[in-house]
Amino acid sequence: MEVSKIGNKGVKIRTKNASFLVNPEGKIDGDVVILTQKPQVYSDYNGVIVIDGPGEYEVSGVSIKGEAIDGKVLFDFLADFQRLLILPTASISKSEEAQDYTATVVFLDENSKEDTISQISSGVVIVVGDADRIFKDKTSLKKIDKVNLKKIDEYKGFIVHLSK
């Protein structure tokens, strides 16, 4: 699996057989759209599969489980023997369960705090959003444009900030 930033607040998860766009803005160039929060108005996704609620899904060999917490949905991806947790900041209390994941993607917002995020015990913590406002110690951040989950050893000890 590969995770990269798209737009201002979205990520693209690429697996062997499909591309998943999480919280995309603008042009849709993937197979599945994943929304962590139901929008007021749906965009035209041109026949692309949209997952925006709790439940269990399987798309192109990828198992996805959605769980609603505080009006947002966290998603658990399983593909190629790797587990990825998509965690809206509102759901950060759920992070105690993140130790079994290859990586956890956290969407930063105005409620995000450095000490809370640094407590996530996933293989790699990937943050999306304005990390400069949240993280005072910039030495713990590694800014890159994409993460290959097969090569996570090079990110150990860092919080990875997806940036373009």
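1. Lys12 belongs to strand E2, which covers residues 10–14; strands (E, at least two residues) and helices (H or I, at least four) are DSSP runs, numbered from the N terminus. The model is a predicted one, in which local features need pLDDT of at least 70 and side-chain atom pairs count only at pLDDT 80 or more, while totals for chains, interfaces and linings use all residues. Residues are numbered from 1 along each chain as its sequence is written, and side-chain values use heavy atoms, with hydrogens and water left out.

2. Lys12 has a relative accessible area of 9% and is therefore buried, where buried means under 20% relative accessible area, exposed over 50%, and partly exposed in between (1.4 Å probe, protein chains only). Its side chain makes a polar contact with the side chain of Asp29 at 3.4 Å; such a contact is a pair of N or O atoms within 3.5 Å, of which, within protein, one must be able to donate a hydrogen and the other to accept it, and residues adjacent in sequence count only if both atoms are side-chain atoms. When neighbours within four places in sequence are left aside, Lys12 is in contact (heavy atoms within 4.5 Å) with Glu2, Val3, Ser4, Ile6, Ser19, Phe20, Leu21 and Asp29.

3. The sheet that includes E2 is open and has six strands in the order E5-E4-E3-E2-E1-E13, with mixed pairing; two strands pair if DSSP finds at least two bridges between them. Strand E5 (49–51) and strand E13 (146–148) each have a single partner strand and stand at the edges, so one side of each is left without a neighbour in the sheet. On average, neighbouring strands of this sheet are turned by 20° against each other, direction ignored, with axes being lines fitted to C-alpha atoms (for helices, over the stretch in contact) and angles running from 0 to 180 degrees between N-to-C directions. Strand E1 (residues 2–6) runs antiparallel to E2 and is joined to E2 by five bridges, and Val3 stands opposite Ile13 in E2.

4. Which residues form an aromatic pair? The count comes to one, under the rule that rings of Phe, Tyr and Trp (its six-membered ring) pair if their centres lie within 6.5 Å, with planes under 30 degrees apart counted as stacked, over 60 as edge-to-face and the rest as tilted. Phe20 and Phe77 form this edge-to-face pair, at 5.5 Å centre to centre and with 80° between the planes. The pair links distant parts of the chain, since Phe20 lies in strand E3 (residues 19–22) and Phe77 in strand E8 (residues 72–79), 57 residues apart. Phe20 and Phe77 are both buried.

5. The charged end of Arg83 sits over the ring of Tyr101, 4.1 Å from its centre, and the charged end of Lys142 sits over the ring of Phe158, 5.1 Å from its centre. The criterion is that NZ of Lys or CZ of Arg is within 6 Å of the ring centre and within 35 degrees of the ring normal.

6. Asn23, in the loop between E3 and strand E4 (32–34), has a phi near 55°, a positive value in a residue other than glycine, and is buried with a relative accessible area of 17%. Ser60, in the loop between strand E6 (55–59) and strand E7 (62–69), likewise has a positive phi, near 50°, but is partly exposed, with a relative accessible area of 40%.
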